[in-house]
Each structure stands twice: as C-alpha cells, then as structure tokens.
Amino acid sequence: SYTEKQYFSPKFYKKEGKWQPVDTTLVEDKNAGNATNIFGKLYGQAQSVLDSEQAFTVKENDWQARFGPSDLEGGMIRVQKGNDEVGFVPLGAKRVAPVVTSDPKGHQTVHYYDLWPGVNVEYNLYSDELKENIVLKNNRANTDFSFKIIGGSLKTEAAVNGGFRIIDALGGKFTISPLSLILNDVGPVTDPVYKQEYKDGTLQVSVEKPYIQKLPKTSFPVVIDPTVS
C-alpha cells in the first residue's frame, strides 16, 4: 500500500535531478544587475553591501521573484525561470527601495512605500504566485498606474478571463490574473469602476478617480489586487 499527500500549491521542485523543498524566504540578491562575468558579480556583491540590501530574491524555487529599487533598469519586479526573465517597470514612480517585513508567523511582505502619491505597493510571495497589492491610502491617492513590460509581452486569453498570459518568455506558463478591488469597510467591489489594459508594451491599471474621491474614510485603505501566477 502507499499513501499520497496532495497540496493546493507546489511544495517541492527539482534541482539537479533531485526533489528539494520550496523555500520562498527572501534573501539578498547579490547579482541584481545580472552580471555575466566574475568581475561584474564581485562588483555587484560589493555594491549590495554598500546599499544595505537594496535587492531581494527567493531562496529556493524553480522560478524566482526578484525585487529591486523602483528605478532598476531591468524592472523593479522581475519574474525569472531558467534563463528567461520578465521585468515590470513602474512608470511615473519615484525612486523607492524595497523594504521586507515579517509577520508573527514568519511570512514576509515586500513594501514599496509611497511609490506613487498616496500609494504603497506590497508583494506577498507564494510557491506558485506573486500577489501584488496596490494600496490607496486616501481619496487623494493616484488612481492610474502603468508598468512597462520588459522581456516578454501579454496576450488576452479566454482561459484567463479578464487577465493575460505572459508570452514570448517563461515558457508561456505564467499569467496575470483579473483585477479585484477591495474596500476596507465593504470588501470586494463588483461595480465596473476599475480595469487593466495592455497596450504598446505597457500594463495599465486604473480605478475611476471620481469613484475613489467619493468614498468615505472608512473605505480606506483601498486595495487593487493583480497577481502573477
């Protein structure tokens, strides 16, 4: 006889032909600039010491989420699998370095504080997805956000209703989920007051500004939730 245990998300991955446990703990990314030679890598390590952990990556998984300063050339957020990498560059954002915090259970969150006026952006990492929260702190916050896509492109697909599949990179196995909009005092919003579009290499996320401006204080923070899976 045998016993089989099934999980809702991956717990193990193959490394050098052997199964290893996934560990989504964030560690310092010592080669954030993707240097290809030993001198570049050593320089990157020296810079990481001087910058006091300005970039982070996943410890153990068959794909990597990488977090750097918002003005990093290859993308503030990068999703990497093998030699493929797709970057997301926030347009019109100020220069912000990532800050990692941990809750009492040890789960980590990456924060970009005040990336846009009145807006924090947060990331929670799991073995099979990178969950993004665009957090509007008040009714004066910015409501339009654009991310330039580097290294791949997006395609609408019926199987990802309202979302996109990342193509030309990562084996076509990654998707961007449909948006959700969540109010602090009400929960998910069903009114069609938010959208995400892909045009000219840029992912655009927006909420109708008059709608946000009319919300009471109790509705904040308001969270926009796209996810890479």
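**Close-up views of a predicted model**

**View 1. The hairpin of β6 and β7.** In this hairpin, where two residues lie between the strands β6 and β7, glycine 82 adopts a positive phi near 65 degrees. The structure is a predicted model, in which local features need pLDDT of at least 70 and side-chain atom pairs count only at pLDDT 80 or more, while totals for chains, interfaces and linings use all residues. Residues are numbered from 1 along each chain as its sequence is written, and side-chain values use heavy atoms, with hydrogens and water left out. Strands are DSSP runs of E with at least two residues, and helices are runs of H or I with at least four, both numbered from the N terminus. Strand β6 pairs with strand β7 (residues 84-90) in the antiparallel sense through five bridges; pairing requires that DSSP finds at least two bridges between two strands. Lysine 81 is placed opposite aspartate 84 of β7.

**View 2. Strands β5 and β6.** Strand β5 (residues 64-67) and strand β6 (residues 77-81) run antiparallel and are joined by four bridges. Phenylalanine 67 has isoleucine 77 in β6 as its bridge partner.

View 3. A salt bridge is a side-chain nitrogen of Lys or Arg within 4 Å of a carboxyl oxygen of Asp or Glu; the whole structure contains ten. Arginine 66 forms one with aspartate 29, with the closest N and O atoms 2.9 Å apart. Because arginine 66 lies in strand β5 and aspartate 29 in the loop between β3 (23-28) and α1 (38-51), the pair ties together parts that are 37 residues apart in sequence. Both arginine 66 and aspartate 29 are buried, that is, under 20% relative accessible area, whereas exposed means over 50% and partly exposed in between (1.4 Å probe, protein chains only). A network of salt bridges links Asp29, Arg66, Arg78 and Glu85. Aspartate 71 forms a salt bridge with arginine 95, the closest N and O atoms being 3.3 Å apart.

**View 4. Lysine 30 and glutamate 28.** The side chains of these two residues, lysine 30 and glutamate 28, form a salt bridge (3.5 Å, N to O). Lysine 30 counts as partly exposed, at 43% relative accessibility.

**View 5. Phenylalanine 164.** Phenylalanine 164 belongs to strand β14 (residues 164-167) and is buried, with a relative accessible area of 5%. Not counting residues up to four places away in sequence, phenylalanine 164 touches residues including Leu154, Ile176, Tyr198 and Leu203, where contact means heavy atoms within 4.5 Å.
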